[in-house]
Amino acid sequence: MAETQNLFSNMQHSRDAVCRADGLACARGAITVFEGVSFSLAAGQALCLRGANGSGKSSLLRQLAGLLPAAAGTLTHPDPAYGTHYLGHEDGLKAVLTIAETLAFDAALAGYRADNDAYADIAARLGLAGCDWQFVGDLSAGQKRRLTLARLIMDPRPLWLLDEPMTALDAAGRALVTDLAEAHLESGGMIIAASHETLDFADAEVLLGPRR
Amino acid sequence: MRIFAAICSQHMHLSWRSGQTMLAVSFLFIAITLLPFGLGPELNLLRALAPGLLWVVLAISLLTGLERLFQADYEDGTLDRLLLVPLAFEAVVLAKLLGHYLALVLPLILAVPLAGLLLNIEAARLPVLLAAMLCGSPALVLLGGIGASLAVSVRRGGLLTVLIAMPFYVPVLIFGAAAARAGLETGVAVGPYLGILAALSAASLLLAPFAIAAALRSALR
């Protein structure tokens with residue numbers, strides 16, 4: 001089962017990858033949300049974005065994912081179509097699908113197909129039971145959050161953009177995120193996370209707003 | 001290609017499981033059943049009006065399904081995700097439209113002969129009507145998709161979708177009904193009408209994915 005092994009492969013990311021922002025600004029309509037934001041991230045490093053509500057943490061992540069154009073400044077980042085995972089506030093989950101069907105779609109978007117045992121393994125690793133029959137609509141907020149983490153495991157991409165990764169998660173769930181993040185950094189990945197909490201895996205912080 | 005197939009089949013799967021397909025087909029039947037109550041039970045009148053009525057009801061049932069074509073994905077964040085797959089976003093859009101067509105529009109067209117029975121339509125007229133619908137319906141879906149993508153960020157934007165898409169439906173309905181009429185009369189060629197319908201569909205197929213992708217991209221900003 002060569003394809004199934006793919007799911008747990010400990011892939012090494014390129015050590016040359018960088019993610020850099022120079023004098024980045026973000027505008028929402030006529031309002032400048034932030035400006036003059038600069039940082040640089042090398043392989044194996046993690047950055048935590050901090051700032052009050054409305055300071056533009058999520059907007060910065062969307063800019064890094066290529067979903068929102070930068071109002072000024074330059075961004076250097078991996079090609080989003082191949083190199084970026086973006087876990088935003090909306091989970092992109094479908095209530096009428098089962099966990100296994102959701103994972104099968106994740107696998108297909110990553111370009112491969114696996115069998116139900118492999119999906120059950122992943123669900124178990126994320127602390128989710130009833131892979132074959134449990135509908136996503138019946139999961140709790142924390143369980144849905146766990147299910148979105150499957151994308152990070154199933155499709156190895158160098159840059160992870162995580163918006164409030166600890167939201168709704170219990171202690172075990174937070175430990176799971178930290179474990180996944182540390183393994184990702186060890187294999188040469190990069191993480192940029194927006195959070196109000198202390199993230200154990202973050203090497204540096206960028207404080208957004210208030211505007212000067 | 002695997003990603004294209006996955007997006008297409010997931011859309012069909014969701015459409016079927018959330019009851020969209022059954023809902024649209026039931027809507028078509030209810031609307032057709034109601035018509036004789038409004039028009040009176042004269043068989044000749046119903047028969048004469050049937051092709052045009054079936055076209056209009058098909059267009060309306062199709063539009064009711066279009067509201068959720070991109071909106072569900074927009075609201076739950078799936079569209080963000082589909083922008084980050086190694087496939088051109090225009091192709092992603094096309095995959096969703098194909099899924100929508102197979103899951104919703106094809107069942108509607110297949111239900112038309114049965115609905116035609118209720119309007120006392122002759123069996124001889126059905127093949128031409130069906131051929132016209134098969135030629136013209138891709139244009140209806142693709143043009144409606146433009147409306148749906150422009151209204152995607154509006155909550156309860158279904159009516160707005162209809163308002164945007166309806167004017168574009170006029171040529172398809174004109175030639176669709178004309179094809180059905182021509183099929184009835186001897187000596188009138190049906191081919192040119194079907195050709196024009198197919199041309200409308202082909203032109204929409206070429207242009208709509210780009211328009212829809214652009215509209216969705218700007219909505220996601």
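So, helix 3 and helix 7 of chain B: helix 3 of chain B passes helix 7 of chain B in a right-handed crossing. Keep in mind, please, that this is a predicted model. Helix 3 of chain B covers residues 43–66 and helix 7 of chain B covers residues 126–150, and their axes come within 10 Å and cross at roughly 35 degrees.

Who makes that contact? From helix 3 of chain B you have B:Pro51, B:Leu54, B:Leu58, B:Ala59, B:Leu62, B:Leu63 and B:Leu66. Helix 7 of chain B answers with residues including B:Leu129, B:Met133, B:Leu140 and B:Val141, and its glycines B:Gly144, B:Gly145 and B:Gly147 take part as well. Sorted by class, the contact has twelve nonpolar residues, three polar ones and no charged ones.

While we're on chain B, have a look at B:Pro167, which lies in helix 8, residues 158–184.

Next, the place where the two chains meet. That contact takes 18 residues from chain B and 19 residues from chain A. On the chain B side, helix 1 (2–17) and helix 5 (78–82) each supply at least two residues. Helix 1 of chain B gives the most, with six residues. By class, the side of chain B that touches chain A has eight nonpolar, four polar and six charged residues.

Over to chain A, then. Chain A has seven helices and eight strands. Its radius of gyration is 17 Å, close to the 17 Å from the globule rule for 212 residues, so chain A is as compact as a globular protein of that length. The C-alpha trace of chain A spans about 55 × 35 × 30 Å along its principal axes. Of the 212 residues, 40% count as buried. And if you take the contacts in chain A with a separation of 6 or more, residues 24 or more positions apart account for 72% of them.

Now the sheet. Five strands of chain A form an open sheet in the order 5-6-7-3-8, with parallel pairing. Which strands sit at the edges? Strand 5 (84–87) and strand 8 (204–207) of chain A, each pairing on one side only. From one strand to the next, the twist averages 15 degrees. Zooming in, strand 3 (residues 46–50) and strand 7 (residues 190–194) of chain A pair in the parallel sense over four bridges, and A:Ala46 stands opposite A:Ile191 in strand 7 of chain A.

Helices pack on that sheet, too. Helix 2 of chain A, residues 57–64, touches strands 3, 5, 6 and 7 of chain A, and its direction makes about 150 degrees with that of strand 7 of chain A. Helix 7 of chain A, residues 171–186, touches strands 3, 6 and 7 of chain A, at about 145 degrees to strand 7 of chain A.

Last stop: A:Leu147, in helix 6 (residues 141–154) of chain A. Why does A:Leu147 count as buried? Because 23 other C-beta atoms lie within 10 Å, and buried needs 20 or more. Leaving out residues up to four places away in sequence, A:Leu147 touches A:Leu93, A:Ile99, A:Thr102, A:Leu126, A:Leu128, A:Val136 and A:Leu139. A:Ile122 is 25 residues away along the chain, with 9.3 Å separating its C-alpha atom from that of A:Leu147.

Key
Residues are numbered from 1 along each chain as its sequence is written. Chains are lettered from A and ligands numbered from 1 in the order in which they are written. This is a predicted model: local features need pLDDT of at least 70, side-chain atom pairs count only at pLDDT 80 or more; totals for chains, interfaces and linings use all residues. Two residues are in contact if their C-beta atoms, placed from the backbone, lie within 7 Å. Ala, Val, Leu, Ile, Met, Phe, Trp, Tyr, Cys and Pro count as nonpolar, Asp, Glu, Lys and Arg as charged, and the others, Gly among them, as polar. Axes are lines fitted to C-alpha atoms, for helices over the stretch in contact, and angles run from 0 to 180 degrees between N-to-C directions. A crossing is left-handed if the near helix is turned anticlockwise from the far one by less than a right angle, and right-handed if clockwise. A residue is buried if 20 or more other C-beta atoms lie within 10 Å of its own, exposed if 12 or fewer, and partly exposed in between; C-beta atoms are placed from the backbone. Two strands pair if DSSP finds at least two bridges between them. The radius of gyration is taken over C-alpha atoms; the globule rule is 2.2 Å times the number of residues to the power 0.38.
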